[in-house]
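The sequence and the model should be kept in view while reading.

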Amino acid sequence: MNQTNFLIIGSGIAGLTAALKLSEKGSVVIATKSNLLESSSRYAQAGIAAVRNFRWDSFAEHFADTLTAGCGINNKAAVKFLVENAPKAVDWLTKLGVPFRKNPTREAAHSHSRVWNTRDSTGESIEKVLAAEVKKRKNIRILTNATLLDLAMEKKVCVGGILKTGKKIFVLASGQTILATGGFGQLYAKTTNPKVSVGDGIAAAYRAGAKLRDLEFVQFHPTALVGKQTRLTLLSESLRGEGAVLRNSRGERFLPAYHPAAELAPRDIVSRAIFEEMKNGKVYLDFTRADAKFLEARFPLIWKEVKKAGFNLAKDLIPIFPVAHYACGGVVTNLRSETNLKNLFAVGEVADTGIHGGNRLASNSLAEAVVFGLAVGKAGKVIEIKTAEAKIPNYVFDLQEDLKILPLVRNLMWKNVGIIREKRGLMAAQKTLQKLKPRSFVSKNAVTVGKLVVAAALRRKKSLGAHFRVD
Ligand SMILES: Cc1cc2nc3c(=O)[nH]c(=O)nc-3n(C[C@H](O)[C@H](O)[C@H](O)COP(=O)(O)OP(=O)(O)OC[C@H]3O[C@@H](n4cnc5c(N)ncnc54)[C@H](O)[C@@H]3O)c2cc1C
């Protein structure tokens, strides 16, 4: 039957958490673009932030650190909800079987060690446990290689999703629909995000009339391993948390001159400092002070990836650059993850709870994905499913056009809507995007999201957090 009580789009940590909780109430369908594991969640390395030891840490400090990183424009009620519920989220994951290490680590801009991890592949550990649990539930149906094209709407009420599997396009009717489609890092030429992260959820929500916010705040991760792949390998902040430093082409440690917290300064500051130093040559991560045995045991994944690229983490300076990493903005939601459209929820990176404000505090996003996934589980209700046929538009899929348009958009966003922005570049990007009139659905989505990000960046004339304007 093409109907369900709850339709969840996306199988990252947010979607899987929501699915598990909602399956306690009714039938669930998870529709996901690739396989069940493919998502940004899967590649998360450092961990999930939560205060669980009150001898040296407190909710007040996690709250304050989040606001400092977010430049104070965060939604304070949402931040309070996050920090107070994050420990329960980690406990829930632990009970399900996620093998967190005994002691948390410290990451940039956190005043204490509160990042829970399974060494450097925390996202994958969580995804695997959640996916195994989801597969056990009889009332959860999983549709892989199923792409959401649009939300099925009746006036301002969401009644399901228009999905594509292979060549088949159909309406899946649902009582309530949960967008958990992640971010849009792949709209940038250089990113840590996987191919599925092109902002489909944002585009569909926009067409349906959902409120969007803060799209200009695209966080760049300072340290990706230099390479040419579509998804670049991240060198997690926890390397710097454990003592790695950054050096410029002259071999100098430059970050102390930019911020008192040096290597542990907020991400936007570190990214811009690197960008500045790169004007004079390459920038490197240096962890040669550490012992090879320690590095291989503590960072097994990174150790291997660095080796694959031809370097030795314990002996070499590792070339890095900042890349697009995380969308702080998205579909506006409240503490129950409800959007402004009836029966439509959004959770995880696609949502804008207001927690991150102008910039995300490291490791708050996995916490957000689980805390708000659980919140959707609580808020979701079994309601009447409207089976009325939504009209399916005439979609065009043209791979040749996508192969032309996507690189163009990705390069344009990287160059003109990247780490450093100015009016001229933003206007040029807007003009180019307006001129592009693709027919193909995939290209259309990319252009739509690109235009939305550029418009948001033009509206915010002053620099703030991840949005930095030189004019
Ligand atoms: C390399 C890397 C390292 C990171 N490290 C950390 C970390 O240590 N700590 C931390 O807190 N955060 C980290 N982050 C950020 C964090 O991983 C993400 O913000 C978070 O996992 C988002 O979860 P999500 O479930 O919202 O989205 P995702 O995990 O991105 O999942 C989105 C899902 O939606 C699906 N999807 C997309 N479009 C469609 C469509 N049209 N139809 C159907 N399905 C669709 C995708 O296939 C995917 O299954 C990292 C991110 C990356 C990329």
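Predicted model: local features only at pLDDT ≥ 70, side-chain atom pairs only at ≥ 80, totals over all residues.

In which loop is asparagine 343 found? Asparagine 343 belongs to the loop between β14 (330-332) and β15 (344-346). The phi angle of asparagine 343 is near 65°, which is a positive value in a residue other than glycine. Asparagine 343 has 24 other C-beta atoms within 10 Å and is therefore buried, since 20 or more such atoms are required for that class.

Arginine 119 also has a positive phi, of about 65°, although it is not a glycine. This residue is placed in the loop between β4 (115-116) and α4. Is arginine 119 buried or partly exposed? Arginine 119 counts as partly exposed, because it has 19 C-beta neighbours inside 10 Å and a buried residue needs 20 or more.

The chain as a whole may now be considered. It has 13 helices and 16 strands. Along the principal axes, its C-alpha atoms fill a box of roughly 65 × 50 × 40 Å. A compact globule of 471 residues would have a radius of gyration near 23 Å, and the chain, with 21 Å, agrees with this. Of the 471 residues, 54% count as buried. When contacts between residues at least 6 apart in sequence are considered, 74% of them join residues at least 24 apart.

Isoleucine 162 is part of strand β7 (residues 157-165). It counts as buried because 21 other C-beta atoms lie within 10 Å. Residues up to four places away in sequence aside, isoleucine 162 touches Leu149, Asp150, Ala152, Ile169, Val171, Ala390 and Ile392. Leucine 246, by contrast, is 84 residues from isoleucine 162 in sequence and 47 Å from it in space, C-alpha to C-alpha.

The second example, leucine 179, lies in strand β8. Leucine 179 is buried, because 34 other C-beta atoms lie within 10 Å. Which residues does leucine 179 touch, not counting residues up to four places away in sequence? They are Ile9, Gly201, Ala205, Val331, Ala346 and Val350. Leucine 179 and lysine 461 stand 282 residues apart in sequence, and their C-alpha atoms are 30 Å apart in space.

Helix α5 (residues 200-208) supplies a link to the next topic. Its buried residues are Asp200, Gly201, Ile202, Ala203, Ala204 and Ala205; Gly201 and Ala205 are among the residues that leucine 179 touches. After α5 comes glycine 209, with a positive phi near 100°.

Two packed helices are described by the angle between their axes and the distance between the axes. In the case of α5 and helix α13 (residues 441-459), the axes come within 9 Å and cross at roughly 80°. The two helices are therefore roughly perpendicular to each other, since angles of 65 to 115 degrees fall into that class. From α5, the residues that take part are Asp200, Ile202, Ala203 and Tyr206, and these meet Asn445, Thr448, Val449 and Leu452 in α13. By class, the residues of this contact comprise five nonpolar, two polar and one charged.

Helix α1 (13-22) is mostly covered, with ten of its ten residues buried. These buried residues are Ile13, Ala14, Gly15, Leu16, Thr17, Ala18, Ala19, Leu20, Lys21 and Leu22. They pack against β1 (3-9), β2 (28-31), α4, β5 (140-143), β8 (168-179) and α10.

Which residues come nearest to the ligand? Of the 43 residues around it, the nearest are Gly10, Gly12, Ser39, Gly182 and Gly348. Two or more residues of the shell are given by each of α1, α4 (122-136), β6 (146-154), α5 and α10 (364-379). Among the elements, α10 gives the most, with four residues. By class, the shell has 15 nonpolar, 24 polar and four charged residues.

Conventions
Residues numbered from 1 in each chain as written. Axes fitted to C-alpha atoms, helices over the stretch in contact; angles between N-to-C directions. Parallel < 35°, antiparallel > 145°, perpendicular 65-115°, else oblique. Contact = placed C-beta atoms within 7 Å. Nonpolar A, V, L, I, M, F, W, Y, C, P; charged D, E, K, R; others polar. Near = placed C-beta within 6 Å. Rg over C-alpha atoms; globule rule 2.2 N^0.38 Å. Buried ≥ 20, exposed ≤ 12 C-beta atoms within 10 Å, placed from the backbone.
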